[in-house]
Structure formats: structure tokens, C-alpha cells
Amino acid sequence: MNTALSVNLNKVALVRNSRPLSLNLPDVLAMGRLCLQAGAQGLTVHPRPDERHIRGDDVAPLSALVKAWPGCEYNIEGNPLHNLMAHVRAVRPDQATFVPDAMDQVTSDHGWDLRHTAQALQPCIDECLALGVRVSLFVDPDPEQMPRVKALGAQRIELYTEPYARAHGTAAQASCLARYRDAAQAAQALGLQVNAGHDLNLHNLTDFLQAVPGVAEVSIGHALMADALVMGYAQAVQAYLAAIARAQA
């Protein structure tokens, strides 16, 4: 399986929102188009309730943009118990990634504990499936969670990779990667596909994909934005595609 790159546009929107003028700089839609032109296979947005980065009025134009690119996918992520489902109903993205963020959370920092949240998530998953929207659940690398994901009817997981990013380059890297590999294999054995995201970058991405085979998609935003400040946005997208290609070679 070729691993798809979905570029998260939240940080582009965050920069735009920091200067509340009518100039719309940087233009989130234009940057999304640039990513697709550079070869990205998808775009990701995470419209939080406070709209501190992606705003509600960004969601539909970006959906229309991705639909004009055959083979590319639109992924909307967020907490379905807050504001996510309104966006899912409005545009019917290719994928909805359920993330257990609190209202005031700065960034995602853990996966779902399905022992306690499955009952609340079930109606949201059922609604997505009825709308023809694939569901991915943001989870920690815990093989015991995978049967619960399957029982809920979700088709994918997204492995939360910040712990791996922290371990990369240290003595803990190998054992940390083993946990991710075991979790991915447990998911795949049940017919689930595996995504990954959070703090993946040009230094650690290839190693992760070599150690965890069969990853369907990586979602990358913060690090790609940082690299784009140095090399340009299109060149940064191409650098990440090259890192993926090295893993698959």
C-alpha cells in the first residue's frame, strides 16, 4: 500500500487569523491548492469550536477544492461530541477523524479510551456511515483497543504519534516503534486500515513508516508548515512525499 500524505492546513489558518484584516493572508484555499498541485493526496482540517485556526467558512470551499482533484481526499477531524458532526453533515468529507479533544485543548495529546467512550461515539459513527463518510478513530498504540474500534464500525484508526516523536533518536526508539507496530498489526488483522499523525516530520517519518508497514495515510501540518518557511510550501510537500517514498523503497 502506498502511504498517502494529507496536509493539515490548521497552522496556515492560524497565521491568517492572527491579523484580523480583510486581506485573507495567507489564503488557506490557495495554500490547499498549492499542496494538491505539489502532489499531496489530501487535505486535513480540524475546525475547533473556538475557530482559532480553521473557521466554519473554510470548510465548504476546501471541500469543493478537493472534489476537483480526482483521487484526493478531504479529512475533517475533531471531537464529534462538540462541533464536528455539523461539518460532516454539511460537506460529507471522504473521512471524519474522531479526536477526543477538550473544548480548550491546545492540541491533541491522547487517543480515545473506548472502554468509557464507545457508547457516546456509536451514534456519531453510525451517522457518518449512513452519510457515506469513512470514520477513523484517533487512538494510542494499544492493541487492546482495536477490537473495540472494529465493534463500533469504524473503518480506520489514526495512531497518535507524539510519543514516538519524543522517543525518536533515543534509546527508547526501538521499543516505542514496537508498540506502534504491534498496534497497527492488531488493527490490520481485524480488517482496519491504519493512519498516523502528530509530530511526524522529515527527520522521523521514514523511520516510522519502515517500522510500521501498511500505513494508509499520514496527516502532517505543524512540521510541514515549519519546513515551508525555509524551503517553500510546494517544496516542503515534495520533501515529505520523498520521505514516504524512501520508506516504501
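Rings of Phe, Tyr and Trp (its six-membered ring) count as a pair if their centres lie within 6.5 Å; planes under 30 degrees apart are called stacked, over 60 edge-to-face, and the rest tilted. Search this whole structure that way and you get four aromatic pairs. Keep in mind that this is a predicted model, where local features need pLDDT of at least 70, side-chain atom pairs count only at pLDDT 80 or more, and totals for chains, interfaces and linings use all residues. Residues are numbered from 1 along each chain as its sequence is written, and side-chain values use heavy atoms, with hydrogens and water left out.

**Aromatic rings**

- Let's take Tyr-164 and Tyr-180: their ring centres are 6.5 Å apart and their planes sit at 70°, so this pair is edge-to-face.
- That pair links distant parts of the chain, 16 residues apart, with Tyr-164 in helix α7 (residues 162–167) and Tyr-180 in helix α8 (residues 173–189). (Helices are DSSP runs of H or I with at least four residues, strands are runs of E with at least two, and both are numbered from the N terminus.)
- Tyr-164 has 0% relative accessibility, so it counts as buried; buried means under 20% relative accessible area, exposed over 50%, and partly exposed in between (1.4 Å probe, protein chains only).
- Tyr-164 also pairs with Phe-208, with centres 5.2 Å apart and planes at 50°, so this one is tilted.
- Here the partners are 44 residues apart, as Phe-208 belongs to helix α9 (residues 205–211).
- Put together, ring pairs link Tyr-164, Tyr-180 and Phe-208 into a cluster.

**Helix α3**

- In α3 (residues 56–67), the buried residues are Asp-58, Val-59, Leu-62, Ser-63, Leu-65 and Val-66.
- They span an arc of only 160° around the axis, so they are on the same side of α3; the arc is that of the directions from the helix axis to the C-beta atoms.
- Asp-57 and Lys-67 are exposed, on the face of α3 turned away from its buried side.
- The buried residues of α3 pack against α1 (10–17), α2 (28–37), β2 (42–45), β3 (73–78) and α4 (84–91), with contact meaning heavy atoms within 4.5 Å.
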